[in-house]
Amino acid sequence: MKTMKIFEPAMCCPTGLCGVSVDPELLRISTVLNTLKENGIEVQRFNLTNAPDEFVKSKPVTEYLQKFGPDKLPVVLVDDFIVIAGRYPSNEEFTSWLEIAPDILGAASCCEGDSQCCCGDGTDENSDCCGDGCC
């Protein structure tokens with residue numbers, strides 16, 4: 001299984017979900033990480049205030065911070081390689097990078113439910129008309 005680590009800027013608490021106004025993106029990330037955890041997928045999350053030693057332990061993150069500074073966080077690593085910096089991953093990026101089923105984060109596969117398969121009528125779920133059976 002792939003490993004993911006998220007290195008975040010300094011925040012008042014581990015999730016950043018405290019204070020008067022909550023950043024909706026931090027709320028989304030916390031929800032995604034909780035959903036992943038409920039499905040047995042652990043994503044480690046470190047912020048500069050609460051876990052500065054984790055930043056030092058990670059050579060790619062240390063090098064990134066030396067070059068760009070903490071204003072360009074967050075940084076996301078998959079298997080110890082930076083895959084994204086300056087923003088949080090989308091749900092699609094989470095599922096792709098962690099190689100998990102899209103439905104874990106609420107996305108249906110293209111041939112499920114009311115979705116249409118690429119052959120148009122939604123009835124030919126085993127079709128290979130687009131290479132993988134889906135558009």
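Strands E1 and E3 pair in the antiparallel sense, over 4 bridges. The model is predicted: local features need pLDDT of at least 70, side-chain atom pairs count only at pLDDT 80 or more, and totals for chains, interfaces and linings use all residues. Residues are numbered from 1 along each chain as its sequence is written, and side-chain values use heavy atoms, with hydrogens and water left out.

**Exercise 1. Find the strand order of the sheet and its edges.**

Step 1. The open sheet of 4 strands runs E2-E1-E3-E4, with mixed pairing.
Step 2. Strand E2 (43–47) and strand E4 (81–85) each pair on one side only, which makes them the edge strands.
Step 3. From one strand to the next, the twist averages 20°. Angles run from 0 to 180 degrees between N-to-C directions, with axes fitted to C-alpha atoms, for helices over the stretch in contact.

**Exercise 2. Trace strand E3 and its partners.**

Step 1. E3 (residues 75–78) and E4 pair in the antiparallel sense over 4 bridges.
Step 2. Val-75 has Ala-85 as its bridge partner in E4. For Leu-77, the partner in E4 is Ile-82.
Step 3. The two strands E3 and E4 form a hairpin with 2 residues between them. Asp-79, in the turn, has a positive phi of about 50°.
Step 4. Val-75 and Leu-77 point one way from E3; Val-76 and Val-78 point the other way. All are buried (under 20% relative accessible area; exposed is over 50%, partly exposed in between; 1.4 Å probe, protein chains only).

**Exercise 3. Which residues do ring pairs link into a cluster?**

Step 1. The whole structure holds 3 aromatic pairs. Rings of Phe, Tyr and Trp (its six-membered ring) pair if their centres lie within 6.5 Å; planes under 30 degrees apart are stacked, over 60 edge-to-face, the rest tilted.
Step 2. Phe-7 and Phe-46 form a tilted pair: 5.2 Å centre to centre, 40° between the planes. Phe-7 lies in strand E1 and Phe-46 in strand E2, so the pair ties together parts 39 residues apart in sequence.
Step 3. Phe-7 and Phe-55 have ring centres 5.1 Å apart and planes at 80°, so this pair is edge-to-face.
Step 4. Ring pairs link Phe-7, Phe-46 and Phe-55 into a cluster.

How values were computed: Pairing = 2+ DSSP bridges.
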